[in-house]
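Please have the sequence and the model at hand while reading.

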Amino acid sequence: MADDNPLLLADFDFPPFDRVEPRHVRPGMRDLLTRLEGELEELEKGVEPTWGKLVEPLERITDRLDVIWGMVQHLKAVKDSDDLRAAVEEVQPDKVKFQLRLGQSKPIYEAFKAIRNSSDWESLSDARKRIVQEQIKEAVLSGVALENEQREKFNQIEQELEKLTQKFSENVLDATKKFEKLITDKKEIEGLPATALGLAAQTAVSKGHENATAENGPWVITLDAPSFMPVMQHARNRALREEVYRAYLVRASSGELDNTNIINQILKLRLEKAKLLGYKNYAEVSMTQKMATVERVEELLEKLRAASWDHAVKDMEDLKTFAKDSGSPEANDLAHWDLNFWSERLRETKYDINEEELRPYFALPKVMDGLFALANKLFGVSVEPADGLAPVWHSDVKFYCVKDSSNSPVAYFYFDPYSRPSEKRGGAWMNVVFSRSRVLARNGLPVRLPVAHMVCNQTPPVGDKPSLMTFREVETVFHEFGHALQHMLTKQDEGFVAGIRGVEWDAVELPSQFMENWCYHKDTLLSIAKHYETGETLPEEIYNKLVAAKNFRAGTFSLRQIRFASVDMELHTTNDPSGSESIYDVDRRVAERTQVLAPLPEDRFLCSFSHIFAGGYAAGYYSYKWAEVLSADAFSAFEDAGLDNDKAIEETGRRFRDTVLALGGGKSPLEVFVAFRGREPSPEALLRHNGLLPVAA
Ligand SMILES: [Zn+2]
């Protein structure tokens, strides 16, 4: 029976995506986990501190799980169904249990430590040293090194944190749902675009106003982003904006959904956990798995803050002037609920770009050709269609082979371009199918080649009309392809650190954001932006507007991110959760330096700051800015070389490929960056790209 189950195939060149059905998931995963459990026991019994008796069998176990579970997860994201969802939900706890057991294995931990302390240590390659260190670090962070009572205490903290973060997000969700504003008078909702009115009417229908229409209402406004944002940006009714803004600001901060105490508990437990593990504060724990250090983060945030401040002040003045010139009575007294509204009006006046009107210039096949041509120019690789070579999950999915300059395959990838709302998750992403690996090599080959998949949600082609993209979607494809390139062009043979694996997560957005820069490079963009019917190139004045619009209110947006990042750092470093300064005091203190218009005294945004209290961003929110610094600075190497100088671009591109794209997690990200750039990263390029350098007097 097991022979019929494609999840249990002993071996394959490419995953049998076409054959996996929901009914295979329960028996397949259970059987697989039992087998892996057995292999893990074997490994623990016979473990020796050598590559052959520790790392290789461990890589085989984790790889099998990654590949098979990765298939199931992928199908859930692109070919979802009730049956599949139910099956995944049922086997997930067993999978998590197995991973915990693996991550907390004492014999494995001890063996890695023995390698670390052996006389052979110095003779190991950088990549192997990094693997050993990372394995030890992960084990330590999971509490393996603690004894008896301390271990018990640690596990108790982990469980409590789990519960508290869960409760935190439930409260945010419930508080968001709780607010709804019924509007029956059309005048009150003036200014909202048709899509927002449609959504508001649809919400009204779902709340029992069965005859609601976009045209005549009634309409229901909620605090969900797709409902909330259009009100802030477009509602002419100032009182409505104020009411909705105030409701948004105090979500989950009172009554039975109050997150204040939960935040305090979380901060206390995180600090306690850090101390058990031997660190001063939780930020230090977070930094053990990042490229940055606490000092470096603080230094960077202050540098960016100082550079952004005057620009943000000017943004505010511009807004006031514009509101005044538009004859608005609120111009002299702009409040928080006016900022989005007036900046949208200013944006419309200044740039006059209609995203929809640009679509005919960005036909998907032409965009992809341009992207592949760019990869060829920069990195010397060619991308060739290889449809039919690997089974796919949907007939729209394309398969490609990436070849190096000697025409040998180095990697493969799937591309699933179009939206299928009934079964496919929204958004765009890249993920690993196989990573490059010597241990997992088959058929007498020296390595297994890396395979990736790239998933987007573009409008499908209609009749003869190709899929037409917005400029934002073009940027997204470049971004995801950047991730894919790092995964595919790796030269690392150690599977644990090949491609994107083992790269510190504040460095992992470097290649992706780097690729986005090329969307603003004139030659690159104009070579792909051809009208799909007339072949006409995108007019230069529109290109100029796109470039100018990129930095609209850059100082303000920069400060906003810096406020979030700084408050996150303060709460996880200097703040004493049992001390007299409340979390809101900390936020207010940070806001004084980072917000031109002081927040309202009743601002409780921390109560819905899910990134750091329910997501993985605790003492990590700075990563957004950190990665932007790296990618902008990397792109500036091409600017320094001369963007019009093909020879220089080629040389710089090859250097990027041989460092950032080739080394994967096998070297520390700082060393990789220095190897490419010849020096440590600097924020100058980011500030310049964002138009945030000091204004010349
Ligand atoms: Zn990304």
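## The annotated N-terminal span

Helices (H or I, at least four residues) and strands (E, at least two) are DSSP runs, numbered from the N terminus. An unreviewed UniProt entry places the feature "domain: Oligopeptidase A N-terminal" at residues 29–151; UniProt positions follow the numbering used here, feature names are shortened, and annotations may be inferred rather than shown by experiment.

## Basis of the description

The model is predicted: local features need pLDDT of at least 70, side-chain atom pairs count only at pLDDT 80 or more, and totals for chains, interfaces and linings use all residues. Residues are numbered from 1 along each chain as its sequence is written, and side-chain values use heavy atoms, with hydrogens and water left out.

## The zinc site

The zinc ion is coordinated by His479 (NE2), His483 (NE2), Glu509 (OE) and Glu509 (OE), at 2.1 to 2.7 Å. Donors are N, O and S atoms within 2.8 Å of the metal (3.2 Å for Na, K and Ca); water is not among the atoms, so sites may look incomplete. Along the chain the donors follow the spacing H-x3-H-x25-E.

Angles among the four donor atoms run from 51 to 140°, and the site is irregular. Four donors count as tetrahedral if all angles lie between 85 and 135 degrees; four count as square planar and six as octahedral if opposite donors are over 155 degrees apart and all others between 65 and 115; anything else is irregular. Histidine 479 and histidine 483 sit four residues apart in helix α16, about one turn of the helix. Histidine 479 is buried at 14% relative accessible area, and histidine 483 is buried at 10%. Buried means under 20%, exposed over 50%, and partly exposed in between (1.4 Å probe, protein chains only).

## Salt bridges

A salt bridge is a side-chain nitrogen of Lys or Arg within 4 Å of a carboxyl oxygen of Asp or Glu. By this rule there are 64 salt bridges. Arg26, Arg30, Glu90 and Asp94 are linked in a network of them.

Arginine 677 and aspartate 633 form a salt bridge, with their closest N and O atoms 3.5 Å apart. Arginine 677 lies in helix α25 (residues 669–677) and aspartate 633 in helix α23 (residues 623–641), so the pair ties together parts 44 residues apart in sequence. Both arginine 677 and aspartate 633 are buried.
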